[in-house]
Amino acid sequence: MADPLLDDVGTLLREAAAKVVVPLFRRLDEADISEKAPGEVVTVADREAEALISEGLRQLLPGSVVVGEEAVAEDPDLLRHLRGSGDVWLVDPVDGTSNFAAGRRPFALMAALLTDGVPVASWVYDPLDGTMAAGRLGAGTRLDGATLRTPPAEPRVGALRGTAATKFLPPDFRRQVEEGGRRIGELLPGQHCAGREYLDILTGAQQFVLFWRTLPWDHTPGTLLVREAGGVARRFDGADYHPADDGKGLLVAASPDVWDEVSAALLGG
C-alpha cells in the first residue's frame with residue numbers, strides 16, 4: 001500500500017544526497033571542513049544538506065519543528081522539542097561525517113518524525129549503494145520498497161555477528177565487551193556510521209550493535225526501523241530507548257532472543 005509521507009521524505013533525502021552530499025564526496029577543500037567540538041568535525045555538506053532537508057520537511061508538514069544535528073550544535077535548547085507536542089522532525093544530514101570528511105564510506109542521511117514525543121516514522125538512506133529503509137510505527141519497515149522482518153533464522157551463540165562501537169566506551173567496560181565478544185562469535189569494531197549499522201541489521205549482515213553514545217539523531221531513525229522489523233532497541237538495563245532520554249549505552253538486536261544472548265555475553269546481564 002502506498003504511503004505518501006514515506007515516499008515524499010524518501011524522495012527528499014535522495015534529492016539532498018544527489019544535489020549536495022554525493023557531489024562533495026572526496027571533493028572537499030580544507031576550508032569545507034571545520035571542528036564544531038573537540039574531535040567532532042562538520043562539513044559544508046552537513047550544513048547545506050540540513051538546510052535543504054529542513055525546508056522540505058517543513059513544507060511537507062506545515063507547522064512542524066525541525067531538530068537538526070547542526071542546528072542543535074548552534075542552539076542546544078532545540079532538544080526540548082523532543083518531549084513537546086505536535087510534529088517534530090529529527091534530522092542527521094550526513095551520518096558518519098568523519099568518514100565523509102576523510103573520503104571514506106559509509107555515510108548516510110537520516111530523518112525521523114515524532115508526534116507528541118513519540119517516534120512514528122523514520123528513514124535511513126545510504127546514497128552510495130542506494131539502500132533506503134523507511135518505516136511507520138505499527139506498519140512495519142520497508143527496505144528498498146519491500147516490507148520486511150529481520151531474518152527469522154538466527155545463528156546460535158558462538159556464531160553471532162555484530163558490532164561494538166568501542167571508541168567512547170570507558171576502558172574497563174571496553175575490556176569486558178571485547179572479552180565477551182570472543183564467546184558470541186564475530187565482534188566487529190564499527191563503521192563510524194550508525195545508519196549503516198542499522199541497515200546491516202535490517203539486511204541480516206549482522207545481528208546486533210552496541211553503542212555508548214546515544215545522540216537522538218543518530219539512533220531514533222534506526223531504532224524505530226529495527227523494532228518495526230521485529231527487533232529490539234534497549235538500554236543496557238533493559239529499558240526501551242527513547243530519544244529524549246539522557247543516558248549512555250544502547251544495545252540493538254535483530255530479535256529479543258539475540259538481545260538476551262548478547263546482553264548476557266557483553267554486559268553480564
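This is a predicted model: local features need pLDDT of at least 70, side-chain atom pairs count only at pLDDT 80 or more; totals for chains, interfaces and linings use all residues.

Q: How many residues of H7 are buried?
A: Of its 13 residues, 12 are buried, so H7 is largely enclosed by the rest of the structure.

Q: How do the axes of H6 and H7 cross?
A: At roughly 5 degrees, and the axes come within 9 Å. H6 covers residues 194-203 and H7 covers residues 216-228. Angles under 35 degrees count as roughly parallel, and H6 and H7 are therefore roughly parallel to each other.

Q: Which residues meet there?
A: From H6, the residues are Ala194, Tyr198, Ile201 and Leu202. From H7, they are Asp218, His219, Gly222, Thr223, Leu225 and Val226. Sorted by class, this contact has 6 nonpolar, 3 polar and 1 charged residues.

Q: Is His192 buried or exposed?
A: His192 is exposed, at a relative accessible area of 51%.

Q: What about Asp116, what is its phi?
A: Asp116 also belongs to a residue type other than glycine, and its phi is positive, near 50 degrees. The loop between E5 and E6 holds Asp116. With 52% relative accessibility, Asp116 counts as exposed.

Q: Back to helices. How do the axes of H5 and H8 cross?
A: They cross at roughly 130 degrees and come within 7 Å, with H5 running over residues 171-184 and H8 over residues 256-267. That angle makes H5 oblique to H8.

Q: Which residues make the contact?
A: H5 contributes Phe173, Gln176, Val177, Gly180, Gly181, Arg183 and Ile184. H8 contributes Val262, Ala264, Ala265, Leu266 and Leu267. By class, the contact has 8 nonpolar, 3 polar and 1 charged residues.

Q: Different topic. How many aromatic pairs are there?
A: The count comes to 8 aromatic pairs. One of them is Trp89 with Trp123, a tilted pair with 6.0 Å centre to centre and 40 degrees between the planes.

Q: Where do Trp89 and Trp123 lie?
A: Trp89 is in strand E4 (residues 87-95) and Trp123 is in strand E6 (residues 118-126), so the pair ties together parts that are 34 residues apart in sequence.

Q: Are those two buried or exposed?
A: Trp89 and Trp123 are both buried.

Q: What kind of pair do Phe100 and Phe107 form?
A: An edge-to-face one, with 85 degrees between the planes and 5.0 Å centre to centre. Phe100 is buried at a relative accessible area of 1%, and Phe107 is buried at 0%.

Q: Which residues form a cluster with them?
A: Phe25 does: Phe25, Phe100 and Phe107 make up one aromatic cluster.

Q: Where is the cis peptide bond with Pro106?
A: That bond joins Arg105 and Pro106, and omega is about 5 degrees. Pro106 is in the loop between helix H4 (97-101) and strand E5 (108-115).

Q: Last one, Asp245. Where is it found?
A: In the loop between strand E13 (232-234) and strand E14 (250-253). Asp245 has 29% relative accessibility and counts as partly exposed.

Q: What does Asp245 touch?
A: Leaving out residues up to four places away in sequence, Asp245 touches Arg83, Arg235 and Asp240.

Q: How many residues apart along the chain are Asp245 and Arg83?
A: They are 162 residues apart along the chain, while their C-alpha atoms are separated by 9.4 Å.

Technical notes. Residues are numbered from 1 along each chain as its sequence is written. Side-chain values use heavy atoms; hydrogens and water are left out. Axes are lines fitted to C-alpha atoms, for helices over the stretch in contact, and angles run from 0 to 180 degrees between N-to-C directions. Helices (H or I, at least four residues) and strands (E, at least two) are DSSP runs, numbered from the N terminus. Angles under 35 degrees count as roughly parallel, over 145 as roughly antiparallel, 65 to 115 as roughly perpendicular and the rest as oblique. Contact means heavy atoms within 4.5 Å. Ala, Val, Leu, Ile, Met, Phe, Trp, Tyr, Cys and Pro count as nonpolar, Asp, Glu, Lys and Arg as charged, and the others, Gly among them, as polar. Buried means under 20% relative accessible area, exposed over 50%, partly exposed in between (1.4 Å probe, protein chains only). Rings of Phe, Tyr and Trp (its six-membered ring) pair if their centres lie within 6.5 Å; planes under 30 degrees apart count as stacked, over 60 as edge-to-face and the rest as tilted.
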